[in-house]
Amino acid sequence: MATVTLKVEGMSCNHCKEAVEGALKKLPGVKSAVVDLGAKTATVTYEEETVSVDQMKEAVEEQGYDVV
């Protein structure tokens, strides 16, 4: 199990938080995803052999947010 914190730009409300968390949690291998709106981060716990950080970035970007 590994944890990564992604810096996400463009989130400003609970809808944004839910969209990003939901997109990440749908990925196979993601165990948890917690967005901190104030810090503009998404902290993800995942199985390294199942999902990559690039896949997580793509899922967030598909929701209309930028991972920096």
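**Entry 1: a first stop at Asp-66**

I began at Asp-66 and found its place in strand β4, residues 66-67. My helices (H or I, at least four residues) and strands (E, at least two) are DSSP runs, numbered from the N terminus. I keep in mind that this is a predicted model, where local features need pLDDT of at least 70, side-chain atom pairs count only at pLDDT 80 or more, and totals for chains, interfaces and linings use all residues. Residues are numbered from 1 along each chain as its sequence is written, and side-chain values use heavy atoms, with hydrogens and water left out.

**Entry 2: the sheet**

Next I looked up how the strands are arranged. I found an open sheet of 4 strands in the order β2-β3-β1-β4, with antiparallel pairing. β2 and β4 are its edge strands, each pairing on one side only. Two strands pair if DSSP finds at least two bridges between them. Strand β1 (residues 2-9) meets β4 in the antiparallel sense over 2 bridges, and Val-8 has Val-67 in β4 as its bridge partner.

**Entry 3: the hairpin**

I then followed β2 (residues 30-36) and β3 (residues 41-46), which pair in the antiparallel sense over 6 bridges. Val-30 stands opposite Tyr-46 in β3. The two strands form a hairpin with 4 residues between them, and in the turn I noted Lys-40, with a positive phi of about 60 degrees.

**Entry 4: salt bridges**

How many salt bridges does a search of the whole structure find? I got 3, counting a side-chain nitrogen of Lys or Arg within 4 Å of a carboxyl oxygen of Asp or Glu.

- Glu-9 forms a salt bridge with Lys-40, the closest N and O atoms being 3.9 Å apart. This pair links distant parts of the chain: Glu-9 is in strand β1 and Lys-40 in the loop between β2 and β3, 31 residues apart.
- Glu-21 forms one with Lys-17, with the closest N and O atoms 3.0 Å apart. Both lie in helix α1 (residues 14-25), 4 residues apart, about one turn of the helix.
- Lys-31 forms one with Glu-47, at 3.3 Å between the closest N and O atoms. Lys-31 lies in strand β2 and Glu-47 in the loop between β3 and α2, so the pair ties together parts 16 residues apart in sequence.

Is Glu-21 buried or exposed? I read it as buried, with a relative accessible area of 11%; buried means under 20%, exposed over 50%, partly exposed in between (1.4 Å probe, protein chains only). Lys-17, at 23%, counts as partly exposed.
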